[in-house]
Amino acid sequence: MVKVTVDGIQVEVPNGSSALQACEAAGKEIPRFCFHERLSVAGNCRMCLVQVVRAPKPVASCGFPVAEGMEILTDTDIVRKARRAVMEFLLINHPLDCPICDQGGECDLQDQAFGYGADHSRYQEAKRAVTDKYLGPLVKTVMTRCIQCTRCVRFATEIAGVPELGAVSRGENMEITNYVEKALTSELSGNLIDICPVGALTSKPYAFVARPWELKRTDSIDVSDAVGTNIGLHVRGSAVLRIVPRVNDAVNEEWLADKGRFSVDGLKHRRLDRPWVRVHGKLQPVSWQDAFVAIGRRLDGVAGERIGAIAGDLCDAESMMALKDLLTALGSKNIDCRQDGAEYDLSSRAYYTFGSTIAGIEEADALLIVGSIPRQEAPVLNARIRKRFLAAGRGGFPIGMIGVPTADPTYQAQVLGDGPAVLAGLLDGSHPFAGTLKAAKRPMIILGHGALVRDDARAIQAACWALAREVGAVGAGWNGFNVLHHAAGRVAGLDLGLVPGPGGRSAAGMMSGGVDVLWLLGADEFHTARIGPETFVIYQGHHGDAAAARADVILPGASFAEKSGTYVNTEGRVQRTFRAVMPPGDAREDWRILRAFSEVVGKTLPYDTLEALRERMALANPVFRVIGGVEAVDVTGLGGPAGEARGVSGAPFRPIFDDYYQTNPICRASPTMGECSRIYVHAGIQPGIEAAE
């Protein structure tokens with residue numbers, strides 16, 4: 001530690017800290033534009049100038065290392081004059097766009113110009129103008145506003161791992177641009193909007209929609225993947241207008257995947273807002289009471305073993321708990337949250353969660369990825385892997401992949417093979433990468449969903465656990481066995497036991513004619529042709545997707561933005577969302593629908609309030625009492641998932657997504673995600689502005 005004095009206040013900071021960090025430790029606010037805590041230091045803007053005693057002139061505090069006994073002054077005449085001069089230079093070419101700029105009201109330049117800007121300009125010449133750049137359907141550019149802080153360049157290169165932005169020319173002619181005019185290819189490109197300190201990069205779908213002071217913010221959780229990214233929903237009136245990330249260093253730091261950010265417009269398209277019942281082959285709108293009566297009549301006389309339910313990927317824990325209790329009351333054990341048929345060993349939570357935690361990736365020193373493409377399945381988690389890769393330096397964090405990535409993973413990885421047969425060589429030590437894992441102090445294995453939906457899923461899980469044991473990835477003080485989910489509701493469903501009971505049918509068994517009545521709770525990720533033609537289908541959800549078209553009765557539910565709910569992310573972290581807006585029309589919260597129906601059929605569920613339901617969840621599994629944290633599982637005495645490690649096949653792994661932008665009903669209803677799918681997936685990336693028109 002180094003002792004530094006800042007404006008007469010003595011503080012201790014770690015060796016290698018900058019003067020800016022020392023000032024912040026002393027409680028002093030230092031203005032800045034180019035400096036960002038999660039990016040490398042550029043020292044471009046010079047706004048963070050401070051005075052260091054015995055230094056000949058003011059120094060840029062972001063790049064000036066502290067030394068023992070250093071004295072820093074942050075509010076002297078010299079410092080104030082220097083900052084005012086820097087601000088004057090920044091405003092020389094900056095347009096007077098504040099009234100029409102989408103960054104207005106949350107702009108760093110506005111805030112700092114208020115403190116350091118002059119009330120007039122001495123500059124009489126014409127301001128420069130810069131041609132706007134095409135960056136794709138998500139990021140809008142007004143490059144005349146750019147102050148060349150290079151945050152966007154450093155983010156694209158360092159965090160996203162897609163170095164598609166850079167600077168050309170120099171001095172007043174310097175421009176930030178993409179080298180070849182085409183859409184950005186990062187799944188994290190929306191974060192450029194957040195880190196840009198001015199209005200040069202803004203949201204294209206959100207352009208001219210609302211001002212920040214018109215919006216009400218509600219905390220929530222991103223349900224587009226299983227990372228559990230913390231987000232804020234910005235609402236005006238009855239509509240969610242935009243989604244932005246919240247800082248949570250344990251989960252997402254301050255990043256958000258594009259799918260979670262820009263699919264917001266899907267919340268207002270193709271919504272189910274009233275109950276429907278199929279009469280003589282045609283769906284007709286009805287009242288709630290009529291819909292419940294229609295279901296009750298169909299259930300009358302049906303044995304419990306002929307009733308089944310499937311929970312979808314976006315379901316909250318409360319609705320799944322209510323669904324399970326309803327099925328139990330009806331005498332059925334046919335319930336499943338695995339509409340894709342994935343296999344898990346539920347005897348221990350360590351077998352189906354991300355054991356090392358997401359933040360624990362930064363402690364690992366070797367990584368094996370099996371049957372997963374993290375860049376598509378969990379872009380924010382993939383950024384954490386890249387962060388660890390860069391921090392370790394060249395060769396310091398070896399990464400092996402089993403499976404063929406469909407895109408650059410954004411870090412250097414050795415492809416060991418395309419199928420799980422490689423695991424045999426790793427287990428017996430004949431494969432060279434086995435030595436790399438054994439030499440590591442904290443190796444980790446990520447088992448992806450692509451390995452869990454195969455016929456040999458149990459064998460692959462057993463082989464990966466055995467390998468983890470062999471190389472020291474699981475043991476006292478470290479659990480490096482990780483399962484990477486992609487569905488936001490999956491871990492909560494497994495925690496609550498939404499799997500077939502003894503003698504019960506799985507999702508596949510229910511769809512193939514194994515039940516007479518099938519209740520789909522937001523289950524849309526399968527071909528409805530698999531459902532038997534004689535099966536009576538009840539669809540409860542918030543969007544008119546394919547399963548709703550097949551349904552005999554439709555019950556309109558609430559999306560994640562329209563209810564308070566509990567979600568469990570891939571690492572087993574229990575988090576909660578809060579209601580930002582009311583559901584449209586006659587739609588209701590899913591658990592309330594199930595509770596109301598249970599009363600109609602004389603199987604009243606034993607809770608009337610959300611608090612009582614959450615207490616029921618906690619009784620079913622105590623993990624739901626710990627909100628926001630992760631309870632570590634002792635893995636020292638675990639023998640491993642059930643399965644025979646030698647039973648793996650030689651079939652190659654296949655990606656679980658055909659289209660990253662069309663993976664759930666909200667995305668499929670989103671015009672923005674549809675445009676992304678057209679540009680990035682179906683037509684390829686189209687160069688030039690014409691591609692956006």
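What we have here is a predicted model, in which local features need pLDDT of at least 70 and side-chain atom pairs count only at pLDDT 80 or more, while totals for chains, interfaces and linings use all residues. Residues are numbered from 1 along each chain as its sequence is written, and side-chain values use heavy atoms, with hydrogens and water left out.

Let me stay with α17 and ask how it packs against its neighbours. Two packed helices are described by the angle between their axes and the distance between the axes. The axes here are lines fitted to C-alpha atoms, for helices over the stretch in contact, and angles run from 0 to 180 degrees between N-to-C directions. Helix α8, residues 317-329, packs with α17, residues 590-600, at an angle of about 20 degrees, and their axes are 8 Å apart. On our scale, angles under 35 degrees count as roughly parallel, over 145 as roughly antiparallel, 65 to 115 as roughly perpendicular and the rest as oblique; α8 and α17 are therefore roughly parallel to each other. Their crossing is left-handed, a term that applies if the near helix is turned anticlockwise from the far one by less than a right angle, with right-handed used if clockwise.

Contact, which means heavy atoms within 4.5 Å, is made on the α8 side by Glu 318, Ser 319, Ala 322, Leu 323 and Leu 326, and on the α17 side by Asp 590, Trp 591, Leu 594, Phe 597 and Ser 598. For the classes, Ala, Val, Leu, Ile, Met, Phe, Trp, Tyr, Cys and Pro count as nonpolar, Asp, Glu, Lys and Arg as charged, and the others, Gly among them, as polar. The residues in this contact of α8 with α17 then comprise six nonpolar, two polar and two charged.

Helix α7, residues 288-299, meets α17 in another way: the two axes come within 10 Å and cross at roughly 60 degrees. That angle makes α7 oblique to α17, and the crossing of these two helices is right-handed. From α7 the contact draws on Trp 288, Phe 292, Ile 295, Gly 296 and Leu 299, and from α17 on Ile 593, Ala 596, Phe 597 and Val 600. By class, this contact of α7 with α17 has eight nonpolar residues, one polar and no charged ones.

Which residues of α17 are buried? Taking buried as under 20% relative accessible area, exposed as over 50% and partly exposed as in between, with a 1.4 Å probe and protein chains only, they are Asp 590, Trp 591, Ile 593, Leu 594, Arg 595, Phe 597 and Ser 598. What covers them includes α7 and α8, the strands β24, β25 and β26, and α18.

Those strands lead me to the sheet. Two strands pair if DSSP finds at least two bridges between them. Seven strands form an open sheet in the order β14-β13-β26-β25-β24-β15-β16, with mixed pairing. Its edge strands are β14 and β16, each of which pairs on one side only, and neighbouring strands are turned by 15 degrees against each other on average, direction ignored. Within the sheet, β24 and β25 pair in the parallel sense over five bridges, and Trp 519 has Ile 538 in β25 as its bridge partner. Strands β13 and β26 run antiparallel and are joined by two bridges, with Val 553 in β26 the bridge partner of Val 277. The pairing of β13 with β14 is also antiparallel, over four bridges, and in their hairpin, which has two residues between the strands, His 280 takes a positive phi near 55 degrees. Helix α15 lies across β15, β16 and β24, running at about 130 degrees to β15.

To finish, two further backbone cases deserve a careful look. Most residues other than glycine have a negative phi, and most peptide bonds are trans. Gln 148, however, has a positive phi near 55 degrees and is found in the loop between β6 and α4, where, at 18% relative accessibility, Gln 148 counts as buried. Phe 208 likewise has a positive phi, of about 60 degrees, in the loop between β9 and β10, but at 59% relative accessibility Phe 208 counts as exposed.
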